[in-house]
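User: I am new to this structure and would like to learn how to read a few of its features. Could you take me through them one at a time?

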Amino acid sequence: MQREESVATRNRPMSNILAQTVKTGIIKSNLIPMFAGLTLALYTYHFSLMDKLPEILFATIGSILIMGAAGAFNNVYDRDIDSVMERTKNRPTVTGEISTKTVLWLASLMTILGLVALVLASPLAAIMGFLGLFFYVVPYTMWTKRRTVYNTEVGSISGAMPPLIGWAAIHPDITHPAILGLFIIMVIWQMPHFYAIAIRKHDEYKAAGVPMLPVVKGARRTYIQTNVYLVILIASSFLFWSLSVGLTFMALLLNILWLVLSVFGYRKMDSQKWSKTMFIYSLIHMTVLFSTVIIYSLMGIIFKL
């Protein structure tokens, strides 16, 4: 069976190899919060879609390229631990379907083109894009991921950059409570999300020597820390208050439901089932919240609400 899988893997088309190398799944999921920040800025400062069409296009292209570059750099650096983990052992950088040199050239080219595109949107968007790439590759991938249980917290900074990139492409003030709310929610969201993954893949992370919180401190400590972050997430809902009562209550409802699910789910489920439930809800949470922000903003732009 393993031999058949290996042969099948090595016969993959180049489009599939490149997609896995730049992690297109992560790019797609991160574009949702990017568009949330972008459309929210359009609505907040009363711009129409046509007013900022070039900025929207450049922000989209630049974000895709920067996110892809980050994924490619990560794949190169993590080849050793990816080869140990079941879910990553068939990545092209592990199987040898694409050379390290090729990936580095690809990632470097994507970085340059991505930053150029973001500069054309706005210089601040380019700075946010560079910071997101830098934090993902250096402090997270090359430093904390293999050294400390707080690797998830460090990685969350880069993971929360997409809303800032989108907002900065439209308007230079990133201190508005609305975008701070999106940023903080995106930061905090990642801890319950990735803790759930780490519990589900506990044995793989342990074998690879990655000090995820459940591996080092256990499921009980992870459960407690998850709830602490969920309480902070609930409090962050009120950052939307100055912009929209409706968005505030939507965020509040989603965040409270997550905490309730965590507390009552942990009492009735084993750690594996609890973590799977938490993981699924985290995806629902992000999709619903950021889609609501996008729809709310677009409705306000189109109908001048």
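User: Leaving aside neighbours within four places in sequence, which residues is Thr 226 in contact with?

Analyst: In this predicted model, Thr 226, which is found in helix H14, touches Pro 192, Tyr 195, Ser 262, Trp 274 and Met 278 once its neighbours within four places in sequence are set aside.

User: Does Thr 226 count as buried or exposed?

Analyst: Buried means under 20% relative accessible area, and Thr 226 counts as buried because its relative accessibility is 1%.

User: What covers the buried residues of H15?

Analyst: The cover includes helix H11 (177-200), helix H14 (219-236) and helix H16 (271-303). Among the buried residues of H15 are Leu 247, Thr 248, Trp 258 and Ser 262, and Ser 262 is also one of the contacts of Thr 226.

User: How far apart are the end C-alpha atoms of helix H15?

Analyst: They are 34 Å apart, which agrees with the 34 Å that the 24 residues of helix H15 (residues 245-268) should span at 1.5 Å a residue.

User: How are two packed helices described?

Analyst: One gives the angle between their axes and the distance between the axes. Here the axes of helix H4 (residues 53-77) and helix H8 (residues 123-144) come within 9 Å and cross at roughly 15°, which makes H4 roughly parallel to H8. Their crossing is right-handed.

User: Which residues meet where H4 packs on H8?

Analyst: Residues including Ile 66, Phe 73 and Tyr 77 in H4 meet residues including Leu 133, Tyr 136 and Met 142 in H8. By class, this contact has nine nonpolar, four polar and no charged residues.

Definitions and conventions:
Residues are numbered from 1 along each chain as its sequence is written. This is a predicted model: local features need pLDDT of at least 70, side-chain atom pairs count only at pLDDT 80 or more; totals for chains, interfaces and linings use all residues. Side-chain values use heavy atoms; hydrogens and water are left out. Axes are lines fitted to C-alpha atoms, for helices over the stretch in contact, and angles run from 0 to 180 degrees between N-to-C directions. Helices (H or I, at least four residues) and strands (E, at least two) are DSSP runs, numbered from the N terminus. Angles under 35 degrees count as roughly parallel, over 145 as roughly antiparallel, 65 to 115 as roughly perpendicular and the rest as oblique. A crossing is left-handed if the near helix is turned anticlockwise from the far one by less than a right angle, and right-handed if clockwise. Contact means heavy atoms within 4.5 Å. Ala, Val, Leu, Ile, Met, Phe, Trp, Tyr, Cys and Pro count as nonpolar, Asp, Glu, Lys and Arg as charged, and the others, Gly among them, as polar. The expected span of a helix is 1.5 Å times one less than its number of residues. Buried means under 20% relative accessible area, exposed over 50%, partly exposed in between (1.4 Å probe, protein chains only).
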